[in-house]
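Here are my notes for a first look at this model. Please keep the structure open as you read.

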Amino acid sequence: TMTTAQTTPVVAVVLAAGSGLRFDPANPKQLVSLAGTPIVGWSIAAFERNPRVTDILVVVNAQVRQAVEQLIAAVGYTKVQAVIEGGAERSDSTEAALRMLADHGVPADAKVLIHDSVRPFVSQAQIDGCIDALDEFKAATVACPSTDTILLTQDLGDRETVVQVPERRHSFRAQTPQAFRFETIRTAYDLAADDPDFRPTDDTRVVVDYLPNEPVAIVGGSPLNMKVTTQDDMPFAQLIAGRLAE
């Protein structure tokens, strides 16, 4: 019925706790300005703007907390419910957000979209695609068909050597948001917590590894939904920002 569609919360978790050491330790990349707006601001705004997103949670580290809180206050994002501190690894930050949602009684069927704040150009179509995919699946990720052939490798002496070349039509590059029914991602993380070797860099992988029978749908991504990782990414990011800001 129409009413349930509107009452299921759609929570965006914006992960902005990374230290970004590959970028510039003195200048956290999530605060770097693109066309006058910090990168994290672009990401928050994308979810603020989406009429179907009901709540936003921003995960930060101590270094950027004050700047992010000031930005949220200055712009007046109405959907941001909390700014919380993450942890050492990306997975610790996701877990902090999941704990917060559990503590606030978020229902099991809530839709949770987890997004890297350093992907500032996420589109409304990608956000909507995630929300829609969760009507049919319990997990979904934005991903881009790989235009490059992907090589899976192993160590041989001091070099990497090729072990396998997956078919390109089945090769995708993961992006974010990655979207889950709350109960599904929480269960996957609970199972992962019992594994001493657990070090995922991606929330989809937690579901694939620990809930192998749970299919994860692909939502169409785009090269524009890029991740700002190093200084080399900045010229491209500035170019996209300039076009989008026009």
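**Notes on the model**

1. Start with Cys144. At 5% relative accessibility, Cys144 counts as buried, where buried means under 20% relative accessible area with a 1.4 Å probe on protein chains only. Cys130 is at 0% relative accessibility, so Cys130 counts as buried too.

2. A word on the source. This is a predicted model, in which local features need pLDDT of at least 70 and side-chain atom pairs count only at pLDDT 80 or more, while totals for chains, interfaces and linings use all residues. Residues are numbered from 1 along each chain as its sequence is written, and side-chain values use heavy atoms, with hydrogens and water left out.

3. How many disulfides does the structure hold? It holds 0, a disulfide being a pair of cysteine sulfur atoms within 2.5 Å. Cys130 is in no disulfide, and the nearest cysteine sulfur, that of Cys144, is 13 Å away.

4. Now the overall form. The protein has 8 helices and 11 strands. These are DSSP runs, numbered from the N terminus: helices are H or I with at least four residues, strands are E with at least two. For 246 residues, a compact globule would have a radius of gyration near 18 Å, and the protein agrees at 18 Å. That radius is taken over C-alpha atoms, and the globule rule is 2.2 Å times the number of residues to the power 0.38. The C-alpha trace spans about 55 × 40 × 35 Å along its principal axes. Buried residues make up 47% of the 246 residues.

5. Next, the sheet. An open sheet of 7 strands runs in the order β5-β4-β1-β6-β10-β7-β11, with mixed pairing; two strands pair if DSSP finds at least two bridges between them. β5 (80-85) and β11 stand at the edges with a single partner strand each, so one side of each is left without a neighbour in the sheet. The twist averages 25° from one strand to the next.

6. Look at β6. Why is β6 largely enclosed by the rest of the structure? Because 6 of its 6 residues are buried. Lys111, Leu113 and His115 point one way, and Val112, Ile114 and Asp116 the other. β6 pairs with β1 in the parallel sense over 6 bridges. There, Val13 stands opposite Ile114, and Val14 opposite His115. With β10, β6 pairs in the antiparallel sense over 4 bridges. In β10, the bridge partner of Leu113 is Ala179.

7. Cys130 belongs to helix α5 (residues 124-133), where Gln126, Ile127, Gly129, Cys130, Ile131 and Ala133 are buried. What covers these residues includes β1 (10-16), α2 (39-49), β6 (111-116), β7 (139-145), β10 (172-181) and β11 (217-220).

8. Another helix to check is α3 (residues 62-75). α3 lies across β1, β4 (55-60) and β5, running at about 165° to β5. Axes are lines fitted to C-alpha atoms, for helices over the stretch in contact, and angles run from 0 to 180 degrees between N-to-C directions.

9. Finally, Tyr210, in helix α7 (residues 203-210). Tyr210 touches Ala188, Leu191, Ala192, Asp195 and Phe198, not counting residues up to four places away in sequence; contact means heavy atoms within 4.5 Å. The C-alpha atoms of Tyr210 and Leu191 are separated by 6.4 Å, though 19 residues apart along the chain.

Technical notes:
Buried means under 20% relative accessible area, exposed over 50%, partly exposed in between (1.4 Å probe, protein chains only).
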